[in-house]
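Please look over the chain before reading on.

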Amino acid sequence: MEEKVICLNRSATHEYFILDRLEAGIVLEGSEVKSLRLGNVNLKDCFCVIHNGELLIKNMHIALYDKAGAFNSKDSRRDRKLLMHKNEILKVGAKISQKGLTLVPLKLYFKQALVKVELGVCQGKHTYDKKRSIMEKDLKREKEREIKNYR
């Protein structure tokens, strides 16, 4: 199955340890989908909550589609419902109820004609963990550069 990535949450991999990955659908308006096709979305500060048995994504910014006219919703950061089976929501709720775990959107993509969200069950990193991961990336990059120059 072909998937076209719309947006990645790069800060999530820096801020959190990703323990588990899940896929969910998202309820959007037509003008929001057109804005997504143009790539006008930001996942940087968004997060997910379970409210009344529904999974909601909060604080996700989808820019207003300028050609939508009167049918445009005025709030670009409104809460959007995520689509998962009820038993999957209960399992996720049990996971994130543990201390220190949260649910963060990692990636937004088209799967055929549908918009999907990849969610991560995450645990926050401390500053020393962040420094260590940056150091490991630098070492890996340096090693690859040395191998490239050796050939």
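The model is predicted. In helix H3, which spans residues 86-96, the residues Ile 89, Val 92 and Ile 96 are buried. These three cover an arc of only 65° around the axis, and therefore lie on the same side of H3. On the face turned away from that buried side, H3 carries Leu 90 and Lys 91, which are exposed. The cover over the buried residues of H3 includes strands E2 (16-26), E4 (47-51), E5 (54-58), E8 (101-111) and E9 (114-124).

Two of the covering strands, E4 and E5, pair with each other in the antiparallel sense through five bridges. In this pairing Phe 47 stands opposite Lys 58 in E5. E4 and E5 form a hairpin with two residues between them, and Asn 52 in the turn has a positive phi of about 55°.

Which loop holds Asn 59? Asn 59 is in the loop between E5 and strand E6 (61-62). Its phi is positive, about 70°, although Asn 59 is not a glycine. Gln 112 is likewise a residue other than glycine with a positive phi, near 55°, and lies in the loop between E8 and E9.

| Residue | Relative accessibility | Class |
|---|---|---|
| Asn 59 | 27% | partly exposed |
| Gln 112 | 62% | exposed |

Gln 112 counts as exposed because its relative accessibility is 62% and the class begins over 50%.

Technical notes:
Residues numbered from 1 in each chain as written. Predicted model: local features only at pLDDT ≥ 70, side-chain atom pairs only at ≥ 80, totals over all residues. Heavy atoms only, no water. Buried < 20%, exposed > 50% of the residue type's maximum accessible area, 1.4 Å probe, protein only. Helix = DSSP H or I, 4+ residues; strand = E, 2+ residues; numbered from the N terminus. Arc of directions from axis to C-beta. Contact = heavy atoms within 4.5 Å. Pairing = 2+ DSSP bridges.
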